[in-house]
Amino acid sequence: MKVYNTLYKGEKSLKKFIAKNHIKRAKALFVQIFSGVIDEEYCLGLAAFIKKELPHAKILGTTAGGVISEGIMYEHESAISFSLFDKTHLECQLFSFARDDVLASIEKELIFQDTKAMVIVSDGLVSDAETFLKQLYEKNSDIVIAGGRASDYEFEKTFVFNDQESSENGCIVCSFSGDSFYANSDYMLKWTPVGKDMVVTKAKGSTLYEIDNMPVIEVYRKYLGDDIVKDLPSSCMPFPLILYRDGVLVARDPISVKKDENALVFAGLFEEGDIVRFSFANIEELTDNLEDIFNNLNAMPVEGVYIYSCSARKALLQEKLVSELNVLESLAPTSGFFTFGEYFSSGKIAELLNVTTTFLLLSESNTIEHKKLKGRIDSDFDPIRKALTHLVKVTSSELENLSTHDTLTKLYNRSEYLRVIKRKITSAKRYHESFGLILIDIDLFKSVNDNYGHDVGDIILRRFAKVLLYSVREDDFVARWGGEEFIIITGKIEKKGLQRLLEKLQRRIKEADFTPLEGITASFGATLYKEGDTYEELFKRVDHALYRAKSGGRDRYEIV
């Protein structure tokens, strides 16, 4: 595999570039056009010229509010990337989302038994990119997906194109197939959540109406100020909303304003009940760990790198983003563009990201060539700005810990439990999964305080909390409900697994040292999430189970 990148400076110079690099000899040829010139006639003409010169080329084109070529950023230029393959089968087509059979056509015409990766570019302002990604990933989770949503400079017009047509509500998909093809994808975010958790209370698809029962624009006004609201959506790009999806920190930036509805349209979807926070760029982490990122990527086979970086990231970091791009350029020739959202899938997740630099590493060889990091990493941020960032990060972390944790046991508190259980139910509904809820009461704890004093009682509570924490799985959640009661939200589990966990907890409690007491016991109520449960219904059921365990003689568990 070979990758050659250039800026378009006219047909004559492009012909020379093609001849100089023997591009016509490629067995399979993938051409990407990232156009900072937002003009359909220009874009279609450029694609048609390339197709005339290279009839066997598979062409993918998109508008771009900035392009990347050989690790350098450009404005209002058109970058062209030629990827030459020897052993890889390529397929590339443009689809209009006005069709009902887009997914079926992609699976029939572009996906084969040995397909390893797909690159997708779609329009940036019209289509429901996140739903499309989720549906495509659902049946093709073993295929690496990368790409981005088309962008422009004014949030006015975006489109994708090839040599024959363009679409403002469509996508181009290119598939890479072959036993000798290797693909790895990853992303860099480094945005830090700040402020309190907020709940999405009214949303429809990618349109966000209310957060915490307040109009979303008023939420932005309250926390970011009047000046930000005056210039939405571009003004708030440095402060995206952050939420967790399947353990992945996902950023969301608005792409347009619905003034008549007092709402914002985002690049990705929201669901009512989502927990969101504002965020800011963590300047320290943006540069401090780039060398580690390079070393990790340097252990992979890489012959070419495709980059999809968010326009919001460019707006905030500006020239500082070059250090990030330099890490990737040190691995292999890079090409890409600045997006209105980044397609990403790897392993068990598929998400439409924002505010990230997402990249796809490609190779037709499994040989790992250890490269050297080119140039230097620019970490020379304004020291006052960097110190202020550090102050906000540390202070936010300390305040968050105080608001989410019990001061005595260091477990999560009841307020955090309520936030997590709502989030857990939302996820369970989405993925049709079951989880467990366990309510625990230390038996006859009042006698401990009466006979030994509250100081000893506090020691017993702290030890008991540690026993619970060290007995559950990594993805289980443990909180102090209040007094001598504790609550556990398990990860994905069935009834037999829940029973085994309860027996393990009983055993660990009996084995633990609770000096000066000879030992203690506890009663457990447990239940499984059922489709349609609210968090109130779920707690009522587990509370009833605990009542049965205690009235049945204590030191036992009940599952209802």
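**Figure 1. The exposed and buried sides of helix H1 in the predicted model.** Lys12, Lys16, Ala19 and Lys20 are exposed on one side of H1. Across the helix, which spans residues 11-20, the buried positions are Leu14, Phe17 and Ile18. These three lie on the same side of H1 because they cover an arc of only 100° around the axis. The partners against which the buried residues of H1 pack are strand S1 (2-7), helix H2 (40-53) and strand S6 (78-85). Just after the helix, histidine 22 adopts a positive phi of about 55°.

**Figure 2. Helix H13 and its packing partners.** Within H13 (residues 445-452), Phe445, Val448 and Asn449 are buried. Viewed down the axis of H13, the buried residues fall within an arc of 90°, so they line one face of the helix. Strand S27 (435-442) and helix H14 (454-471) are the elements against which the buried residues of H13 pack. Glycine 453 follows H13 and has a positive phi, near 100°.

**Figure 3. The largest nonpolar core.** This core contains 36 residues, of which Trp191, Leu297, Val305, Leu328, Leu331, Phe359 and Leu361 touch the most other members. At least two core residues are supplied by each of the following elements: strand S18 (248-252), helix H8 (290-297), strand S22 (304-310), helix H9 (311-317), helix H10 (321-329) and strand S26 (357-363). In soluble globular proteins, nonpolar side chains tend to be buried together.

**Figure 4. The surroundings of valine 305.** Valine 305 is one of the core residues that touch the most other members. When residues up to four places away in sequence are not counted, the contacts of valine 305 are Leu328, Ala332, Pro333, Thr334, Ser335, Phe359, Leu360 and Leu361. Among these contacts, Leu328, Phe359 and Leu361 are also listed with valine 305 among the core residues that touch the most other members.

**Figure 5. Threonine 358 in strand S26.** Threonine 358 counts as buried because its relative accessibility is 0%. Its side chain makes a polar contact of 2.8 Å with the side chain of threonine 356. Leaving aside residues up to four places away in sequence, threonine 358 touches Asp186, Tyr187, Tyr306, Ile307, Tyr308, Glu342, Tyr343, Phe344 and Leu353.

Notes. Residues numbered from 1 in each chain as written. Predicted model: local features only at pLDDT ≥ 70, side-chain atom pairs only at ≥ 80, totals over all residues. Heavy atoms only, no water. Buried < 20%, exposed > 50% of the residue type's maximum accessible area, 1.4 Å probe, protein only. Helix = DSSP H or I, 4+ residues; strand = E, 2+ residues; numbered from the N terminus. Arc of directions from axis to C-beta. Contact = heavy atoms within 4.5 Å. Core = buried A, V, L, I, M, F, W, Y, C linked by side-chain atoms within 4.5 Å. Polar contact = N/O pair within 3.5 Å; in protein donor to acceptor, adjacent residues only side chain to side chain.
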